[in-house]
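Hi,

Here is the structure I said I would pass on. Have a look at it first, and my notes follow below.

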Amino acid sequence: MRRSRKLAALLTAGILSLAATACGGDSDNGDADDPSTGGGDAPSSDIKVGMAYDVGGRGDQSFNDSAAKGLDQAVEEFGMEPQESEAEDGEAETAREERLRTFADAGYDPIIAVGFAYAASVGKVAKEYPEVHFAIIDDASLEAEPNVASLVFAEEQGSFLVGAAAALKSEAGHVGFVGGVETPLIQKFEAGYVAGAQAVNPDIKVDVKYLTQVPDFSGFADPAKGKTAAQGMYDAGADIVYHAAGGSGGGVFEAASEAGAKAIGVDSDQYNTADPAVKDVILTSMLKNVNVAVYEYLKSIADSGGEEFPAGVTTYDLSVDGVGYSTSGGFVDDITGDLDEFKQQIIDGEIEVPTAP
Amino acid sequence: MSTTTAPTPATPGTAPVSVRLRGIGKRFPGVIANDDINIDVRRGTIHAIVGENGAGKSTLMKILYGVQPPDSGTIEINGTEVTLSSPADAIRAGVGMVFQHFMLADNLTVLENVVLGAEKLHGIGGRARAEITRISEAYGLDIDPDRLVEELGVGARQRVEVLKVLYRGANVIILDEPTAVLVPQEVDELFGNLRELKEEGLSVIFISHKLDEVLTVADEITVIRRGTTVTTVTDTEGVTARKLAELMVGSQLPSPSTEASTVTDQVLLSVRNLSLPAPGGRPLLDDISFDIHRGEVLGIAGVEGNGQAELVEAVMGMRPGTTGTITLAGTDLGPLSNRARRESGIGYIPEDRHRHGLLLDAPLWENRVLGHQGRAPSSRHGLIDRRGARDDTLRIIEEYDVRTPGPDVLARALSGGNQQKLIVGREMSGDPVLLIAAHPTRGVDVGAQAAIWQHIKNARKEGLAVLLISADLDELIGLSDTIEVILRGRLVGTFDPGAVTPEQLGSAMTGAGESA
Amino acid sequence: MTRLVTLGLGILAAGLALVAAFAITSLVLIVAGDPAGEVWGEILSWPESRNLTNIINNATVLYLSALAVAIGFRMNLFNIGVDGQYRVAAFTAAVVAGEAWLPGYLNTALAILAAMAVGAVWAGIAGLLRASRGVSEVISTIMLNFIATSLVAYLLRKAAVDAEGSNAVNTKPVPEGSRIGGFSIGDGPGEVYGFVFIAAAAGFLFWFVLNRTRFGFDLRATGRSTTAAVANGINVNKMVLATMCLSGAVAGLVGLPILFGSQFSYGSTFQSGLGFAGIAIALLGRNHPVGIALGALLFAFLDEQSNPLQILVGVSPDIVAITQGVIVLTVVISYELIRRYAVRLEQQRVARALAPSAPTPPPTSGPSGEAEEVKA
């Protein structure tokens, strides 16, 4: 008689987690031990970093992973002691708060919250633990908190560059954008991309499609939807499609491959991580270097010997290589000159990229 | 297979014993169990086992067919002691069973039904067909292996069941109440088949509570009462049904016969041109009209499935799509819902008390409320009056002799007869003017049967109109003032119970007299 | 007396189920090489007052969800759609409360009524389909869950307000005066939702309506036997519709403790999946308001206590999802076993009570005591 996703999930969780633990029991938390057991050449530090991931956590091949990469780098270089925990899908606000409190109570300082879903929780817990330091990625609403560092990105700037690349490379004068979920954050990608494309070709046609709407976040993890959306654009005549759709991007690449067209990746250099069968369709990727932000944040703490913690909003933009574009595959080698010129103009403030469509 | 045995003429008392039960005991909480059952069934005989409902016949047969293990005692089949822990064991030992409710797939052919589950014996093709034809001819079963079961009548289906058992090599055949679903003519045919079987040296165990039939066909009769064997009659000459019945109940038998007529000329229930069309078939009810007067019991006779259930449901307002008028004491019931009809004075004893009459997992007092939840003493101002309902349940328990420790017992824990008495008591509450009783004594013991008959007679005496549906012709004849016969949704004949015989009714029920 | 026995058996069944669930979870932990002792030590430690607050708050939400499911269950209706119903309803309440057409608590009351109405309508669609067209409510409510997700997503985009620097999407916040205040227990941060009293009242009403009213009787009778209900004058189609609507109305309350007690707006981080947890808890609580309360507390306790596992013990809190899943299974099994045992007990009791004094008439036949003696 029954029937529910959650119930089924409850029931199968046992088997799955058994399997998961059996196959790769070290993926979740084994890293915690590495620095201390790693041998004499690793520097050591008594800084304990708490890392609260969003849903998906380490291994999501997307932005949690990028944050994890920054953490790993910092741990290796500065010998910090990390601990990680990840969010459950659809969890209560209190669960996020408790995650942060547990870190704080266990002596972790700083605590990095990955993703804007933590905004409210960080705002609340930061007040409860004024002596502990927090960082939050992708949210700038907590500027006023003295113990919170907001690490945000100028996604629109990076998107501007890949938009320009798309326009330069498009033979049809027609490109597309597939957003995972229509949030203000993803709209920044769209705005920059459209602006960049129009900067090159004012008459260019840009198809825009979002896979789902808040609070349905499945648009970030539904390759089938991504493929359908991209197929529609290629069928309509677009020859390059940029996706800002997390895991759904795989479907966009597939559609591009089938249509003999090109696509643009997002967040990391997807030419290196995508399925080898489709990587040649990846013209370039818009790099959002969450790892850089995390690493830089931890580095500034390490440099001060754990005495000083950054606070306030730090925007990682083109000027600090917080965002950018990738050149793997060599498909954009012929236009890097143009792109770098745009980049300089943005850094110089000659071009102001819009943040909302 | 029986063919290896030389045909042995039936000589009761001398033929070898094929089934010997000794000291069989079985206990269940709260129900009558088997206790020290001793039976010898001889080869080439028809051995009847009789007893009132609940006497333990079914339990005994389940034990013999391996459905339930006995707590004590031994079973010998053809001289070998066996342990039957599943029907498969029983079949292997040569015991086969024909259930009261046929276990046939309608949309398969006879052949397919017979080989189903026994594919290993003779395959599923020509060899199986030849074997079926051979058995059919050997025992005069008259079965065509290639007909669809759905095309067969009840009697033929029953013969298919018998054939299934024979096909599997049984030499002991148990038939559980085989005549319950048959009309008198079909009963005679069945008995002819059974006699063929015993001529061929098979043993037939025949379970029934219809004593006349038992006396007609059985060579030996074992009477069971309260789970134990009372006696075995080896010489059926000179034994009367009355004598057997007294052995069964251990006392004088109550009779359904009605006292002096109380029929008045005041019509209470008037049904006119009642029809219920069936999509794409002949109507379930076809232009039915009748009146029931104050103080009259109208009996409806018919083979099950000829529209009795639909007639009751139409009067109760449970069948959308009926046409015609139904008037109760001058009120047109047409626009009224089922509940409104009940509240306007209909008491209803449903055919299937487990499915329609009771909430088995609810206490008795809640069952008292059921169907009366809109009325005192069950409810007040939309709230259930627990105290009122409990008190009234106690009254019913007292007045209708419901054997229970109290009103908080779950209905499931009561015996069938006591459940039925509770229903009768409930339906007689709230001053009904019409009582609809569908098979009111089906599956209840003789004691409760007598009590329920008495309650129906009392209702009649108090001036109720009673619509009685029954498959038990004796009951119909004994209780009714008028009998209508229903066939294929139509009323086909009116009979005076004082003058009609079961055979006449049987002819009308099967349409034998229709051509006239 | 018998009531006590029934209650005792119920507690025994739940206890057995829990022990079995814990044993199975431990086995999983041991097989996977995780420290079972530490995990249980962490989970079963006495929660701090702030955790206690969270447990009560989450239990409140789960309680309402399970209550909504239980209303359907009592009539053998499987309202799988509580999840969709509460999301549509919570969104509606957030918009109504955010718009603040009425002042103060009038605004709150209006929002609550709106939520219940929307939940009832949403569930009522499934009820109507079932009653008029025989569409299984399981299928239709599941489909309605999907539709609810899309509908809320579509509408949220229109109702969303942008906060400075935030990437979250939320409705307009509920004004201060319309929020439902809480109370503190202990000294930790956080307050217990004031809504907990509304939930308790809902639980009482559930009990009263089901056990004391005609409507409740009809509902339970239909649940126990549709055929008997029909034969006894209960309009089953009407009951299906009414029950689904009632279930949906209660489902409409599910998100409101969060809305009025902590988050004050509906948005991207609003808790989801509560309807499914409610199904498990309704089963666990045997559809009884007190049982459901205990079940909700247990689930909330496990959720809360498992949260720090990853940080402190290095074990994924998913292990608790296993425990919860296993509890549901073992509970169903043990309730069925105990139910059968109870029926047998009852039959024995009836047999005992009737044996000495009530031989079946006519009394001239052998008294039933005879058989007893022979047996003994």
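To start with one detail: in which sense do strand 16 of chain B and strand 19 of chain B pair, and over how many bridges? They pair in the parallel sense, over four bridges. Strand 19 covers residues 434–438, and within this pairing B:Gly347 has B:Leu435 as its bridge partner. By "pair" I mean that DSSP finds at least two bridges between the strands. Helices (H or I, at least four residues) and strands (E, at least two) are DSSP runs, numbered from the N terminus.

Before I go on, some housekeeping. This is a predicted model, where local features need pLDDT of at least 70 and side-chain atom pairs count only at pLDDT 80 or more, while totals for chains, interfaces and linings use all residues. Residues are numbered from 1 along each chain as its sequence is written, and chains are lettered from A and ligands numbered from 1 in the order in which they are written.

**The sheet in chain B**

That pair of strands belongs to an open sheet of six strands in chain B, in the order 16-19-20-13-21-22, with mixed pairing. Strand 16 (346–349) and strand 22 (490–495) of chain B are the edge strands, each pairing on one side only. From one strand to the next the twist averages 20°. (Axes are lines fitted to C-alpha atoms, for helices over the stretch in contact, and angles run from 0 to 180 degrees between N-to-C directions.)

Strand 20 (residues 465–469) of chain B is worth a click. Strand 19 of chain B pairs with strand 20 of chain B in the parallel sense over five bridges, and B:Ala437 has B:Leu468 as its partner there.

Helix 15 (residues 416–428) of chain B packs on it, touching strands 16 and 19 of chain B, and its direction makes about 170° with that of strand 16 of chain B. Helix 18 (residues 502–510) of chain B lies across strand 13 (297–301), strand 21 (482–487) and strand 22 of chain B, at about 35° to strand 21 of chain B.

**How the chains meet**

Two pairs of chains touch, and the pair with the most contacts is A and C. A contact here means C-beta atoms, placed from the backbone, within 7 Å. Chains A and B do not touch, and their nearest C-alpha atoms are 21 Å apart.

The contact between A and C takes 50 residues from chain A and 56 from chain C. On the chain C side, helix 6 (137–159) of chain C is among the contributing elements, and helix 6 of chain C gives the most, with nine residues. That side divides into 28 nonpolar, 23 polar and five charged residues. (Ala, Val, Leu, Ile, Met, Phe, Trp, Tyr, Cys and Pro count as nonpolar, Asp, Glu, Lys and Arg as charged, and the others, Gly among them, as polar.)

The buried residues of helix 6 of chain C include C:Leu144, C:Ala148 and C:Val152. They pack against strand 7 (205–213) of chain A, together with helix 4 (82–99), helix 5 (104–133) and helix 10 (236–253) of chain C.

**Chain A and the domains**

Chain A has twelve helices and twelve strands, and buried residues make up 58% of its 357 residues.

For chain C, the domain assignment (bounds are from an automatic or database assignment) gives domain 1 (1–34 + 317–350) and domain 2 (47–314). Their C-alpha centres lie 26 Å apart. Eleven residues of domain 1 of chain C are in contact with eleven of domain 2 of chain C. Helix 15 (residues 318–354) of chain C supplies the largest share of the domain 1 side, nine residues.

Cheers

Terms used:
A residue is buried if 20 or more other C-beta atoms lie within 10 Å of its own, exposed if 12 or fewer, and partly exposed in between; C-beta atoms are placed from the backbone.
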